[in-house]
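I have my notebook open and a new structure to look through. Here is what I looked up, entry by entry.

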Amino acid sequence: MIRFEDVSVRYDGAERPVLSGVDLHVPEGELCLVVGSTGAGKSTLLRAVNGLVPRFTGGTLSGRVVVAGRATEDFPPRELADVVGYVGQDPLAGFVSDSVEEELAYVMESLGLPESVMRTRVEETLDLLGLVPVRDQPLSTLSGGQQQRVAIGAALTAHPRVLLLDEPTSALDPGAAEEVLAALHRLVHDLGMTVLVAEHRLERVAQYADQVLWLPTGGPPVLGDPGEVLGQAPVAPPVVRLAQLAGWSPPPVSVRDARRLAAPLRARLADAVPPAPRPSRGDVLLRAAGVQVRYGATLAVRAADLAVSSGELVALMGRNGSGKSSLLWALQGTGRRAGGTVAVEGVDPATLRPVDRRERVGLVPQQPADLLYLHSVGAECAQSDAESGAAPGTCRAHLDALAPGVPDERHPRDLSEGQRLALVLAVALTPAPRVLLLDEPTRGLDYPAKSRLADALRRLTAAGHAVVVASHDVEFVAECASRVVVLADGEVVADGPVLDVVTASPVFAPQVAKVLAPLRWLTVAAVADALEAV
Amino acid sequence: MAETRRDLHPGAWWVWALCLAVVAGRTTNPLLLLLVIGVASRVAVSCRTPGPWGAALRMFLVMGLAVLGIRLVFHLLLGGVGGPTVLFTLPEIPLPQWAASIRLGGPVSAEGVVQALSFGLQLATMLCCVGAANAVADPRRLLRSLPAALYEISVAVVVGLTLAPQLAASARAVRRARALRGEPVRGRAAIRSLLVPVLEEAFERSLQLAATMDARGYGRSGDVSPGHRRLTSALVLAGLLGLAVGGYGLLDATAPAVLGLPVLLAGALLSVAALRLSARRVTRSRYRRPRWDPASVAVALSGAVGAVVVLAVQALGTADAGALVLSTVPLKAPALPVVPALAVLVGLAPLALARAR
């Protein structure tokens, strides 16, 4: 169905090609998962399938890409719209209208389908993706999961034979991701569609994949059985890592398969004690009581209480739209607060001047790039030192500790997601705040980048900082948090040690916990330590 | 509140609202103007669309109030129509010889104030009608029902309308993020530090949008010759121009009569011809194309009744014709012109017509 014949892609001015010598064939009706580190060319490969690369990105593509019998060199993306559907990373950025139905109908209008066909397909798609209750709502008011499903639906109505999805779940909370993936699963099974998915959060997607395509940086791609391929790749979900540790071969990719093999491992671990989260030792740095945030008539945060001590890493979890970001901004003091009190080391940050505020509490926003505006990493670092009154080189030193080897003259736009996040984190750390807030930092990070971030955050807490991380990423939270606070509908519904909160609900449970339940282990690293000790 | 039918032709709503605006353009009688505002707002409140445009009426009413205020202030400052009933006298600022025809300050008469207010109210009423049209018929849906020959333009405008609020949101996010870096930078540096991320994001967004639109088949070439396409585009533009000029001629009582109905009709004819021509281009279709069903026609007619009656009353010079114009010299309490008022009230009919069946 999709055939790459010796395809190489090189962007103008790049040192080396993004893809080189890709030769592969994805048969009809397969759900193929594309994995690789950031910058390995996942998006490029996906977009080459319908010709968006190189027609919209520039660069040179050599070799041939043939999809459903049509070569992309002869057919521009618009002439492939009837066979290939494409859903980009940010669904909102791809919407052309503001109503669900019109969005779904757009591609059919372009194809010139008769109205009766359009009406029936829109109804079918609304049913298939569970969008009937929101069909009349403006797109901007939908939740992230609903928007993502509309974007998928908008590609589906053309009845394409191939569907391309670029990180369909990375912005979603665990529940919404489940919804989207369940819909995808149905498409593959009921309609025999060929689906190509690029995704970083493999723990969510790997179990649905029929095949995995691994793009090693620089080497030829590897296509094959999910367990086998992920076993070799540096990016693999925790369940595969656990399998490697326990010596299960081939590694299972779903929790269900892993549980069947896990009985001996559970027996070995029966007497070991999972590492308990370190009790908070320090004094309380951040104390918030009854915080309210209001946007117009809606209360985004109802009444949130939170106390974070020195040396503690608190994870803030909850659905999309549960008020996590609003709470973080209100805690930092830059966001408006409608009620309640916040004290950072005894002072309400909202009463301080911005420049004093950031010396007490730093915030890394969801879009780290919003904070950057200069044309080189070096200039950003120098500017950061200047505006914080820190000694020259402070920011650079933080950056080197977080992500070594970022060249000074590189433009911030050209950094990888992980490097850009490190730069923004360094900027936030330059004025030496004791409290640090991070909003959804793991978006777009691969597993190695995530562990580096977790290490960096652990070092900060060890140095006496208090850190609050808002995140959907259960694996990341399990790896680095000491306490978890769950927000729902603007209120704190759970607050406790990470072990208790995440094992209490399957939505927040990491894969290792699911495999080893009822034992309470959260991470592969913890299991590895225990096995060594045994 | 019963649900409003969303499949009424947006053009019907715009005809309804513009006809009410025609009534407003033909009278300075505050009673009749207030009646028009009442009818337009009542219908707009009941039948508005759920999207962000549904709130348009309020915005337009605020704009109307501003117009009223500006009109009054200008009258007080610059004078204008004088009259025997002097309310008070502002200190007059002497101006040099070459500006002798302009007077700053001076006596303010009741007649002048009333006239300024009634003209202001007239403009505010027209704004209210446009606001009502925006609230009940999303202007984007109207754009979407443009003939296929204008498809590319209409999509560009629709996308622009969609992106504008997103741009504003990204500007807000960047400004908020900037506060995280301490004191806001001033001067040229501030412009750069705000504009660079916003523009970069806007640029990136538009590239993304262009890519997804292309992937969704936007601009698939049909088998239509460029000459044919140019002809239909020219016809449609001429037709729309005719409709606009004709509408203006009808609204403005002082415009020459030939600019009114004749140009409007010519514009309509050209538009129909263009529609016919472009219908041959079948490479693209429309989902839920709004249709001129009986209910839509009735909505349009219900607004038209008022306009037709007012125009007829003026043309025939019946007893109500005098009451359409507010008498300021001498100052008299306005009388309600009964027949035009009843005709305007017909404009409430959409309340019943637009109920979901």
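Against which helices do the buried residues of helix 4 of chain A pack? I found that they pack against helix 3 (100-111) and helix 5 (144-156) of chain A.

**Ground rules.** I noted that this is a predicted model, in which local features need pLDDT of at least 70 and side-chain atom pairs count only at pLDDT 80 or more, while totals for chains, interfaces and linings use all residues. Residues are numbered from 1 along each chain as its sequence is written, and chains are lettered from A and ligands numbered from 1 in the order in which they are written.

**Helix 4 of chain A.** Helices here are DSSP runs of H or I with at least four residues, strands are runs of E with at least two, and both are numbered from the N terminus.

Next I checked burial. A residue is buried if 20 or more other C-beta atoms lie within 10 Å of its own, exposed if 12 or fewer, and partly exposed in between, with C-beta atoms placed from the backbone. The buried residues of helix 4 of chain A are A:Met118, A:Arg121, A:Val122, A:Thr125 and A:Leu126. Seen down the helix axis, these buried residues fall within an arc of 135 degrees, so they line one face of helix 4 of chain A (the arc is that of the directions from the axis to the C-beta atoms). On the other side, A:Ser116, A:Thr120 and A:Asp127 are exposed. Just after the helix, I saw that A:Gly130 takes a positive phi of about 65 degrees.

**A:Val34.** I found A:Val34 in strand 3 (residues 31-35) of chain A. Is A:Val34 buried or exposed? A:Val34 is buried, because 26 other C-beta atoms lie within 10 Å. Leaving out residues up to four places away in sequence, A:Val34 touches several residues, including A:Lys42, A:Leu45, A:Leu196 and A:Leu213. Contact means that the two C-beta atoms, placed from the backbone, lie within 7 Å. I also noted that A:Val34 and A:His200 are 166 residues apart in sequence and 9.0 Å apart in space, C-alpha to C-alpha.

**Chain A as a whole.** I listed 21 helices and 19 strands in chain A. Buried residues make up 55% of its 534 residues. Along its principal axes, the C-alpha trace of chain A spans about 65 × 55 × 50 Å.

**Domains of chain A.** Chain A is divided into domain 1 (2-235) and domain 2 (284-510), with bounds from an automatic or database domain assignment. Their C-alpha centres lie 31 Å apart. The contact takes 17 residues from domain 1 of chain A and 18 residues from domain 2 of chain A.

**Where chain B meets chain A.** How many residues does each chain give to the contact? I noted 41 residues from chain B and 44 residues from chain A. Helix 7 (188-215) of chain B is one of the elements that give two or more residues to the side of chain B that touches chain A. Helix 7 of chain B gives the most to that side, with 14 residues.
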